Amino acid sequence: MGMRRHAGRPDTKMSEELDRLILQTASQLFAEQGYAATSMEQIAASAQVGKQTIYRRHASKEALFMTVMTDLGQSFLSAAAPAAATVSADPLLALRQTMRRLLDLVLSPPTIALSRTFVAEGWRFPDLVEHAGVHIFDPLERLTHDLLVAVEAAGLLNGAYDLVETSRALSALLLGGPHQHVLFGRNAFATKAARDHYLDQSWAMFMTGILSRTAATRQDVHA
């Protein structure tokens, strides 16, 4: 898992590779062992780097864990956020495609493993849970909300809705439910076909309630 040791100060590329190695190693150990059971010494040994190399980048285990959470949130946004041109051309399709990408991300084994760490230990480390909320859950809610705003601006809704609450309800249905099932060991979403089927059915049910008749016809085409 480690990288070759080099004498002297690393150049920019080496430093970035080292940063990535430390974060990947820490994320894996936190997911496998939990937060409390993982030490900076273990992370350093597994990454094959000096402990002070980690401390120069992260002042404490808590700071390192927070960076892991921030990095996870940023990776979600980078992987799921649609291109501006797609949103402009068809915001409803952009929203649907975004939710489908997010479904894969929230059900990925690394995400599930870290989620189990939160469930098991969150009550002991509320600051870490709050950090995860700010850097993972809140940005994803804003992404969903902003796409719904684009759908509304295109005149595709059948009435006036509180889009903050609507985006939360949509995320809870399309993402939260499946995530909870997998979190507790159920295997209903193990295949791409199963995830596609779930999203198709849940999307149609939700959108039937909020879309205008014209938009509902369009979404049948996209299904």
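**Space and packing in a predicted model**

Biologist: Which helix gives the most to the lining of the largest cavity?
Modeller: The largest cavity has a volume of about 40 Å³, where volume is the space filled by probe spheres set on points joined across faces, edges and corners. Its lining includes Y35, F65, T117 and F118. Helices here are DSSP runs (H or I, at least four residues), numbered from the N terminus, and both helix 7 and helix 8 supply at least two lining residues. The top contributor, with three residues, is helix 7.

Biologist: How many charged residues are in the lining of the largest cavity?
Modeller: Asp, Glu, Lys and Arg count as charged; Ala, Val, Leu, Ile, Met, Phe, Trp, Tyr, Cys and Pro as nonpolar; the others, Gly among them, as polar. That sorts the lining into six nonpolar, two polar and, for charged, one.

Biologist: OK, on to the largest pocket: which helix gives the most to its lining?
Modeller: A pocket is an open set with protein on both sides within 12 Å along at least five of seven lines, and the largest one holds about 530 Å³ of space. Among its 22 lining residues, V106, F137, L140, G176 and H179 lie nearest the centre. Helix 4 (61–80), helix 7 (109–121), helix 8 (126–153) and helix 9 (163–183) each give two or more residues to that lining. With eight residues, the most comes from helix 9.

Biologist: How far apart are the end C-alpha atoms of helix 4?
Modeller: The expected span is 1.5 Å times one less than the number of residues. Helix 4 has 20 residues, so it should span 28 Å, and that agrees with the end C-alpha separation of 29 Å.

Biologist: Is T98 buried or exposed?
Modeller: T98 lies in helix 6 (residues 91–106). Contact means heavy atoms within 4.5 Å, and leaving aside neighbours within four places in sequence, T98 is in contact with A80, P82, L143 and L147. Buried means under 20% relative accessible area, exposed over 50%, and partly exposed in between (1.4 Å probe, protein chains only). T98 has 1% relative accessibility, so it counts as buried.

Biologist: Which residue's backbone oxygen does the side chain of T98 reach at 2.8 Å?
Modeller: One backbone oxygen, that of A80, lies 3.5 Å from a polar atom of the T98 side chain. The one reached at 2.8 Å belongs to A94.

Biologist: Where is Q48, with its positive phi?
Modeller: Q48 has phi near 60 degrees, a positive value in a residue other than glycine. At 43% relative accessibility, Q48 counts as partly exposed. Its place is in the loop between helix 2 and helix 3.

Terms used:
Residues are numbered from 1 along each chain as its sequence is written. This is a predicted model: local features need pLDDT of at least 70, side-chain atom pairs count only at pLDDT 80 or more; totals for chains, interfaces and linings use all residues. Side-chain values use heavy atoms; hydrogens and water are left out. On a 1 Å grid over the protein atoms alone, a cavity is a set of points where a 1.4 Å probe fits but cannot get out, and a pocket is an open set with protein on both sides within 12 Å along at least five of seven lines; lining residues have an atom within 4 Å of a point. A polar contact is a pair of N or O atoms within 3.5 Å; within protein, one must be able to donate a hydrogen and the other to accept it, and residues adjacent in sequence count only if both atoms are side-chain atoms.
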